[in-house]
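Hi everyone, thanks for coming. Let's take a look at this one together.

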Amino acid sequence: MTFVARDPVQVRLTGTGGQGVITAGIILAEAALMDGRNVVQTQSYGPEARLGASKSEVIISSRKIAYPQVTVPDVLLCLSEDAFNKYFRDRHDDTFVLLDSNVTDEPVEDGRRVFKLPIVATALQVGHKVVVNVVALAALNALTGLVSQASLKEAVLRRVPARFRELNEAAFAAGEELATMVGEAIP
Amino acid sequence: MKTQQLMQGNEACAFGALYAGCNFYAGYPITPSSEIMEIMARELPRRGGVFLQAEDEIASISAVIGAAWGGARAMTATSGPGFSLMQEGIGYAAITETPCVVVDSQRWGPSTGQPTKAAQGDVMQAIWGTHGDHPVIVLTAGHVRDVFEMTVAAFNLAELYRVPVVLLLDEILSHMRENIFVPEPGELEVIPRSRPVNGAKPVAPFGGPFIPLGYGVRFSVTGLAHDDWGFPVEGPPAERLLRRIVEKVWSKAREIARYEALYLDDARAVVVCYGIVSRPAESAVEALRSEGLKVGLLTLKTLWPFPDFLFRELPTTVEYVLVPELNLGQLVREVERAVGGRARVEHLGRVDGYLLTPEQIAGRVVENLGRRV
Amino acid sequence: MLIHTAAEYDRYLRTQKLPTVWCPGCGNGIILKAFIRAVAALNLSQDEVVVVGGIGCSGRTPFFLDFNSVHTTHGRALAFATGIKLVRPELTVAVVMGDGDSVAIGGNHFIHACRRNIDLTAIIFNNMIYGQTGGQLAPTTLPGRRTTTSMWGNIEPPFDIVRLALGAGAGFVARGTVFDFEQLSEILGQALAFKGFAVVEVLTTCPTYFGRYNSNDDPYDMLHGLKDRTDPNEATMAEKLPVGIFRNEPRPEYTELYRQLVEKLGGGGQR
């Protein structure tokens, strides 16, 4: 894994309303807090959070965070076509980008910083599209090491009702498994 | 050991209110303040307090004032359109010297505007929104822990000065989550509601400590100009009332002022900010300082009564004052007045619904000051 | 205790605030007296009664009554009273409003108080005109009547406050007049004793404006006019305007339901 998380690191999680990117941002923020880091989570709110492209941003830092919003993301996740079209452009040379396989037909992967994975399809395989955010978070974190694996897993499980625990554990494992496909590809 | 919590701005406001002893909330749902109401709906009944979803914002503020006169520590929260409707009640609270707290999470306006975009366009309305000269205290906050503390401060100041206190938040801060140390019981001062002493000789309910209704002192509460027992007056006694209730706040600007000053001592330029804009302002000032530029930061948390003294006492080295705001120029007018020509005052406004960036603020300072260290 | 003498009434009045602001011949003083008689008959302590008024001639009522007096803003008396009652359910809260107060500017608060069924007694002084501001059209002004803002004759239909209250769900709904003092004080007593939202519409007279603009400003004639227009025997929707009690059906009351909620959640003890 060649991605070295900056400090502070700016993370932008995007998708379509219903894919749980807002919750994913909160989970990531909680995991970072468990790791003893400072964190700010913001989100696009209102109609956007329910329909069309939605966005959740997390800044993680070992120091005090003054400006609370992401300027240019260091890590970007796009789970839907809408989100891809709206947010993919906004990145720097070293931005680590994880895309769902279906967000675009364009050959955007560079084998270095931009990757595609069948995140949504994996969630459906695991059992329900509702866990797409957990699959995505687990994969993204396995590739970037934004937070510790233990904290992320605990943050996920704290958020879900007991009866969905197994489903989410399976989703988490599936996400990490997905990441190994890319891990091998990274030179 | 104290642990940190990830907390949303609106959550911090609701829990700050509960920390301060708030036991009555009435409100009407409106973005971006609704989470405050939802938390109060969940928390108040199980703590023995009262929650009311009112039919509109006018009823909300009216019920809050009624509850305060019943003896409750009462609050409502809203956003611009609802805040406009509440102005009538705020005036009534001001003339009846009713302790109460009104939270306004500002969104882009006027009118329905952009409900999910942030602004600082309600500053002048918070200060001057209701008709007639009147007392009000206006507070604001810039980060989540601040929201908690300033909500507690709002209740305390409402008690101390018997005035409506407006706490201005904004859409970004309301919905933002940060890790904070939640204050433990006893960590922050909470000023309790005064109660009439049993058996003591009744004192007039206006001009002294607050006396709730129904504790054996029968008086009148009215929005009319009134005497110390709450009965209508005209002419000189009305003037005395107005001067007293306004002066009790205006004369205490120093005591009411909450602010943070950074790097002012040798500053050639000062960025004066409040609310969410204090975040990019801080980033900008830190960046400029690291380049060696003599720039200071003054973050206001009390917007009214305006802390004139801070500007009168600015170091003589200051030649330039920048006031970044998410509006077309509101508090800058007060800053300009208080600076009184001792330095050049400039406004930097952003009104597209997004937060000013550190680069925008730093850039403007450099444009005016140059890169000269 | 049933009271009769002036001294007995004076106990409930702030006599030093008299005379009232009301014009000679105005019917409002009769409502004031009927209210005092009802409160006395129920043996309510003056410290335990709150009288909340709105704005208008009727809104001045709290100043003359020696209870806990609250004079609020125009139309919002019920909302203020709701806040008081919620935090102090042990107090008896009466709300005096005019017709403009209750069903024009305060119409929203009125229907929601009916719906919520909070234990308040709403006493609506209906003189079919805006008296304090000089005789403008009210939402209860009858068609054809003249006011300073309907000088060519009113073309709007009026609200029937009783039907409005019934439709919005008030548990106790009644109408009285200042012509029939006995009936009015009896109705007010029942309304004050009712556990829930009680509405009493009181038809009163405004000789100064309504009378003067509508060709008879003789207070005596106007009082008798109320008698002629109303039917005291048939408390139903008849041809004449019926008076009496139209509904007296207790249903779960809001502060009681709220108390039960607090109890269920284990939150008692703080209030």
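Let's start with one pair of residues: Gln4(B) stands opposite Phe181(B), which belongs to E9(B). Before going on, this is a predicted model, where local features need pLDDT of at least 70 and side-chain atom pairs count only at pLDDT 80 or more, while totals for chains, interfaces and linings use all residues. Residues are numbered from 1 along each chain as its sequence is written, chains are lettered from A and ligands numbered from 1 in the order in which they are written, and side-chain values use heavy atoms, with hydrogens and water left out.

Strands (E, at least two residues) and helices (H or I, at least four) are DSSP runs, numbered from the N terminus. Two strands pair if DSSP finds at least two bridges between them. E1(B) and strand E9 of chain B, residues 177–181, are antiparallel partners over five bridges.

Both sit in an open sheet of eight strands with mixed pairing, in the order E6(A)-E5(A)-E4(A)-E1(A)-E3(A)-E2(A)-E9(B)-E1(B). At the edges are E6 (114–117) of chain A and E1 (4–8) of chain B; each has a single partner strand, so one side of each lacks a neighbour in the sheet. On average, neighbouring strands here are turned by 20° against each other, direction ignored. The axes behind such angles are lines fitted to C-alpha atoms, for helices over the stretch in contact, and angles run from 0 to 180 degrees between N-to-C directions.

What lies across the strands? Helix H1 of chain A, residues 21–34, does, running at about 10° to E3(A).

Note on methods
Contact means heavy atoms within 4.5 Å.
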